Amino acid sequence: MSEWAKLLGGLDWSPLWISLKTGIVATVISFFLGLYAARKVISAGPRAKALADGLFTLPMVLPPTVAGFFLLLIFSLRRPFGAYLYESFHIKVVQTWLGCILAATVIAFPLMYRNARAAFEQVDANLVYAARTLGMSETAIFWRVVIPSAGPGVASGTILTFARALGEYGATSMLAGNIPGKTGTISQKIAMVIQDGDYAAAGFWVAVVLVIAFVLIVLMNLILAKGMKHIRSW
Amino acid sequence: MGLEVAIKKKLGSFGLDVRFETEKGIFAILGASGCGKSMTLKCIAGIETPDEGRIVLNGRVLFDSDKKINLAPQKRRVGYMFQDYALFPNMTVEQNIMAGMGKRPDREKVRRYLERFRLTGLERQRPGQLSGGQKQRVAMARMIAAEPDVLLLDEPFSALDSYLKWELEQEMHDILAEIDKPVLFVSHNRDEVYRLCTTVGCLNGGKMEVIEEVKEFFRNPQTKAAALLSGCKNISAAKILDETHVEATDWGVVLTVPCVPEHTAFVGIRAHFFKPCPREEAERENVFAVSHPQVTEDPFEWNVSFLACEEGSRIQWKIPKTEGEEVSVPDFLRIDGRQVLLLSDGETAELVRV
């Protein structure tokens, strides 16, 4: 009991905040990029479709360390683009929170994109046609007809994206590193304390992750159930 | 003014080649399924793009392949009612109607549409909670609220139970009469077309074969496809013998008619038009000897199919039921020569302009 008290008393909560912040920002970015990419890919020709789909899905099937390698290759200060970013705009990706976001976004984006695409493809084409003949703008059609019809798929894609971004480890550790209070996410914290043999601390953080993930999914399910009233279940 | 359509579109082995004009009134496009009816409407609405041709609505060019004009569906002012109504499931009845009324719909107008289409009280309902007839009214209201210049109705009654249709047809008839805009009405149901429409275009295999006033179309169809669509049950290939005689080769019968047009390739006889004929008159013209009769029963009529010669194809005769009476099949049936339909094969048919 006293051990737990000691653990909680001197606890640095920064991994939780860093993970949540990273997860939220990466999810917001992936959400819009994923919807946009999905919309573009659906209306593309068959060849462009196959190519773009492959490119967008790649980060999901590759080991995160491979993605991390490529990200380093691009953004390292010793590389032309990374150096250019730093010199011209003072933007530094490696070993910063920006690196956390970038790594999490790259890894989680395919989940958003693929779920959004699958959901869009399920939307009844006649709804879109009807909206066009009624004079609705393409933007209005997208937000008021396509998105609501694709709601469940888009929402589940968003949950998965957030969950994935929250737990990202491989690419993050390579690109952003594990700087406590800056880039130290929960996943990296767990790996670190395990290496020190501190199973109590690891267990605590594991419990935190479990609770967040569970609460999140239940919450989303509730929102979905409310928003899906017009869709008949089978 | 009105709608002028002349378009071609190739879809694999199927070719759509449609040409017609309509000024006002309800123009029916009648055809079997897969003949290109819906595709024609989709081309007019801008959902599909024809390979070549021209679509002009009230003097506005919607599509012109030569001048590379192809207006977006949003700019065409073409109302389209889908077979399944395509109501937005996430929106309420009211929101559905407002969807085509611009950014700030006039609430008073919305209220009037709700009232006129008998939707008051259903404003907050979603399409999933509505009956078939209510859905149809919402779809009509939504289309009309967008103030289109022409209305395209794609099989508007096919999703409804038949006992509902009668009332809804009447309602639609009144609304369309009131709106006074050109209407294209796609259907494969001849009864609907007969009751609602003023002009019929008969679409067969992607080609507009006949365009005629609706009563005339049913009274005297010009082509084989038109005769079938108008409900003629008996059609046989024909061989012209002379100016007043034609042989129905599928039935093995020679028919005497007032005048045989030279493009006659088929003859048709409506199943109701046969009359029993006494034996002593069997030697007269246009008499069929009935052999191998088969009788089937419908709720309100008897169907008798028979052969006029061995190895011929079957001919149908329909007689209304009279109470408590079994049908007795006579040995001979006669047809009035003036009631024989003389049909072309469609390739040589002249388009009758109305």
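Two residues are in contact if their C-beta atoms, placed from the backbone, lie within 7 Å. The model is predicted: local features need pLDDT of at least 70, side-chain atom pairs count only at pLDDT 80 or more, and totals for chains, interfaces and linings use all residues. Residues are numbered from 1 along each chain as its sequence is written, while chains are lettered from A and ligands numbered from 1 in the order in which they are written.

**Exercise 1. Describe chain B as a whole.**

Step 1. Count the elements. Chain B has nine helices and 22 strands. Both are DSSP runs, numbered from the N terminus: helices are H or I with at least four residues, strands are E with at least two.

Step 2. Take the extent. The C-alpha trace of chain B spans about 80 × 55 × 35 Å along its principal axes.

Step 3. Take the burial. Of the 354 residues in chain B, 41% are buried. Buried means 20 or more other C-beta atoms within 10 Å of the residue's own; exposed means 12 or fewer; partly exposed lies in between; C-beta atoms are placed from the backbone.

Step 4. Look at sequence range. Among contacts in chain B between residues at least 6 apart in sequence, 65% join residues at least 24 apart.

**Exercise 2. Is helix α5 of chain B mostly covered or mostly open, and what covers its buried residues?**

Step 1. Locate the helix. α5(B) runs over residues 132–145 and has 14 residues. From first C-alpha to last it reaches 20 Å, close to the expected 20 Å. The expected span is 1.5 Å times one less than the number of residues.

Step 2. Count the buried positions. Eleven of the 14 residues are buried, and α5(B) is mostly covered. Among them are B:Arg137, B:Val138, B:Met140 and B:Ile144.

Step 3. Find the cover. It includes β7 (78–81), α3 (93–98), α4 (107–116), β8 (150–154) and α6 (162–179) of chain B.

Step 4. Check what follows. B:Glu147 comes after α5(B) and has a positive phi, near 50 degrees.

**Exercise 3. Classify two helix pairs by angle.**

Step 1. Axes are lines fitted to C-alpha atoms, for helices over the stretch in contact, and angles run from 0 to 180 degrees between N-to-C directions. Under 35 degrees counts as roughly parallel, over 145 as roughly antiparallel, 65 to 115 as roughly perpendicular, and the rest as oblique.

Step 2. Take α5(B) and α6(B). They pack at about 10 degrees, with axes 11 Å apart. They are therefore roughly parallel. Residues making the contact include B:Gln136 and B:Met140 of α5(B), and B:Leu168 and B:Ile175 of α6(B). By class, this contact has six nonpolar, three polar and no charged residues. Ala, Val, Leu, Ile, Met, Phe, Trp, Tyr, Cys and Pro count as nonpolar, Asp, Glu, Lys and Arg as charged, and the others, Gly among them, as polar.

Step 3. Take helix α2 (residues 14–43) and helix α6 (residues 97–122) of chain A. Their angle is about 40 degrees, with axes 6 Å apart. α2(A) and α6(A) are therefore oblique to each other. The residues of their contact divide into 20 nonpolar, five polar and three charged.

**Exercise 4. Is B:Gly59 buried or exposed?**

Step 1. B:Gly59 is in the loop between β4 (52–57) and β5 (60–64) of chain B.

Step 2. Apply the count. B:Gly59 has 8 C-beta neighbours inside 10 Å, so this residue counts as exposed.
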